Amino acid sequence: MRHEVHIIGGGLAGAEAAWQLAEAGVQVRLSEMRGSGETTAAHHTDRLAELVCSNSFRSDDAERNAVGLLHAEMRSLGSLILACGDAHKVPAGSALAVDRDGFSEAVTEKIASHPNIDIVRERVDALPLSGLAIVATGPLTAATLAQSIGAETGSDALAFFDAIAPIIHRESIDMDICWMASRWDKGETKDYINCPMTKEQYLAFHQGLLDGEKTEFREWEESTPYFEGCMPIEVAAVRGVDTLRYGPMKPVGLDDPKTGRWPYAVVQLRQDNALGTLWNMVGFQTKLKHAEQVRLFRTIPGLANARFARLGGLHRNTFINSPRLLDAFLRLKSAPHIRFAGQITGCEGYVESAAVGLLAGRFTAADALGVPIPPPPPETALGALLGHITGGADAETYQPMNVNFGLFPPIAERTKKAERKALYTSRAREALARWQAALPSRVREGPRAEVDGSCPAPAFEPAP
Ligand SMILES: Cc1cc2nc3c(=O)[nH]c(=O)nc-3n(C[C@H](O)[C@H](O)[C@H](O)COP(=O)(O)OP(=O)(O)OC[C@H]3O[C@@H](n4cnc5c(N)ncnc54)[C@H](O)[C@@H]3O)c2cc1C
């Protein structure tokens, strides 16, 4: 078979991209190192799309939840991952959870039996110099390939660990308590939201950090060299009661407009996306358990009703600085024959990884067929996620992100929370339908994954 596209990595993203391409009639070589004697620290089988931890694709509620909406959009675009997930669903309330073995066996079988895909069990050690390619090697990309990526992107644009500070929806911050200012503010730039603390509040908060329940490091995370570079806030707290007051919670140069004085300590939030809907807690990367983070961080003045778009964490995670490196179509700006997909782009989660794989597959298929397509609109879950990765996020503070409504253009009307979600989802449905209708006819119809039936015929005309 003459391959038109080389996909590296047969995880959630690589399998989905391969399916989208193959169903478009494009011939794919899918290189997966598991099964060749290689593995990662988290995988246990040589199946494609193995779920390395939980068996949940999270909420399946397409009316009120951003990941549920992403499911629905992926289904309408013929996602193999969603089709296999649906076929191997296990009871989990409103969530979509799957039988992990049945699921990854089904994905492997569909990909292996597709006439347009060759699975090659091999480790790839360098970025392809020519030909259309998609790199989907995930958070545990093999070291040799990571070196090659770092050589192309510059090592400062490739991270090996995420150090995530919690991210909060702007509208849930109480601005009657907090105020906007930069340190030593002269009234020109007021870039930070500041949450003031009294001495009593700070001491209680410091004690909360010491006492809070932490997530244990895995053995292979413990031996990692990142610790000094991005220290968890609770580890800094152990070093002394004032360490944080001289670090990220330093109050100097911040006059509280209510008192005209510097508070005893301050928590600062910095804008995290171009829309200004999401704000991250500066220096608050943490291994505190999620419930503990919510409880403790809501004791911070101004954050009593905070809604978290993302909670903090630290993990082994290879990802590139996509807002800086990729164009709007997931192409590497310095080598546009290469696309990136999946968690290595800095999206987070099984579903998001597969969604970015779906888009990379669709864009590459359109290129191979000579009918380029526009990105999905930002009002859709796919478009919002893509827009965040490829430019909406702040490149300076870029860290992996799940899909959430904070990535969508805000709803202008003043509406109640429950109604706002319905507005987001109805607007997304209309926008996706308009986008699909406007696609060139050769790429309008997506694949139709019929997991229990035989492999469907290619939905697109084969490449000439
Ligand atoms: C330990 C851990 C637990 C996680 N738990 C969850 C969770 O519970 N829920 C959730 O939603 N997300 C979770 N994630 C995050 C993420 O969603 C998953 O990692 C997801 O599998 C990412 O999909 P992917 O396709 O980008 O990468 P992967 O699914 O990891 O696929 C990448 C593939 O590339 C292969 N590969 C790597 N390097 C090479 C190479 N050089 N040549 C050839 N092949 C190569 C790998 O063997 C792998 O099969 C977790 C991540 C980790 C690391």
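Biologist: Let's start with R34: is its side chain buried or exposed?

Modeller: In this predicted model, R34 is buried, with a relative accessible area of 2%. The cut-off for calling a residue buried is under 20%, so R34 qualifies.

Biologist: Which side chain does R34 meet in a salt bridge?

Modeller: The general idea comes first. Side chains of opposite charge can pair when their charged atoms come close. Here R34 meets E50 in a salt bridge, with 3.4 Å from N to O. The pair links distant parts of the chain, 16 residues apart, although R34 and E50 are each placed in the loop between β2 (28-32) and β3 (56-59). E50 is buried as well, at a relative accessible area of 8%.

Biologist: Which residues are linked with R34 and E50 in a network of salt bridges?

Modeller: E32 joins them: E32, R34 and E50 are linked in a network of salt bridges.

Biologist: How many salt bridges does a search of the whole structure find?

Modeller: The search finds 21. E213 counts as partly exposed at 47% relative accessibility, and K289 is partly exposed with a relative accessible area of 35%.

Biologist: Where in the chain are D367 and R339, which form another pair?

Modeller: Their side chains meet in a salt bridge of 3.0 Å, N to O. D367 lies in helix α11 (residues 350-369) and R339 in strand β17 (residues 335-340), 28 residues apart. D367 counts as partly exposed at 28% relative accessibility, whereas R339 is buried at 2%.

Biologist: Let's stay with α11. What span should its 20 residues have, and how far apart are its end C-alpha atoms?

Modeller: At 1.5 Å a residue, α11 should span 28 Å, and its end C-alpha atoms are 28 Å apart, so the two values agree. The helix is mostly covered, with 18 of its 20 residues buried. After α11 comes G370, whose phi is positive, near 75 degrees.

Biologist: Now for helix packing. How should I describe α2 and α13?

Modeller: Two packed helices are described by the angle between their axes and the distance between the axes. Helix α2 (residues 66-76) and helix α13 (residues 417-438) pack at an angle of about 20 degrees, with their axes 11 Å apart. Angles under 35 degrees count as roughly parallel, and α2 and α13 are therefore roughly parallel to each other. Their crossing is right-handed.

Biologist: Which residues of α2 and α13 meet?

Modeller: From α2 there are L69, E73 and S76, and they meet T425, A428, L432 and Q436 of α13. As background for reading such lists, an α-helix has 3.6 residues a turn, so residues three or four places apart point the same way.

Biologist: Let's finish with Y424. Which residues is Y424 in contact with, leaving aside neighbours within four places in sequence?

Modeller: Y424 has its place in helix α13 and is buried, with a relative accessible area of 9%. Beyond those sequence neighbours, Y424 is in contact with E379, F405, F408, P409, P410 and I411. To set a scale, take L209: the C-alpha atoms of Y424 and L209 are separated by 36 Å, and the two residues are 215 residues apart along the chain.

Note on methods
Residues are numbered from 1 along each chain as its sequence is written. This is a predicted model: local features need pLDDT of at least 70, side-chain atom pairs count only at pLDDT 80 or more; totals for chains, interfaces and linings use all residues. Side-chain values use heavy atoms; hydrogens and water are left out. A salt bridge is a side-chain nitrogen of Lys or Arg within 4 Å of a carboxyl oxygen of Asp or Glu. Helices (H or I, at least four residues) and strands (E, at least two) are DSSP runs, numbered from the N terminus. Buried means under 20% relative accessible area, exposed over 50%, partly exposed in between (1.4 Å probe, protein chains only). The expected span of a helix is 1.5 Å times one less than its number of residues. Axes are lines fitted to C-alpha atoms, for helices over the stretch in contact, and angles run from 0 to 180 degrees between N-to-C directions. Angles under 35 degrees count as roughly parallel, over 145 as roughly antiparallel, 65 to 115 as roughly perpendicular and the rest as oblique. A crossing is left-handed if the near helix is turned anticlockwise from the far one by less than a right angle, and right-handed if clockwise. Contact means heavy atoms within 4.5 Å.
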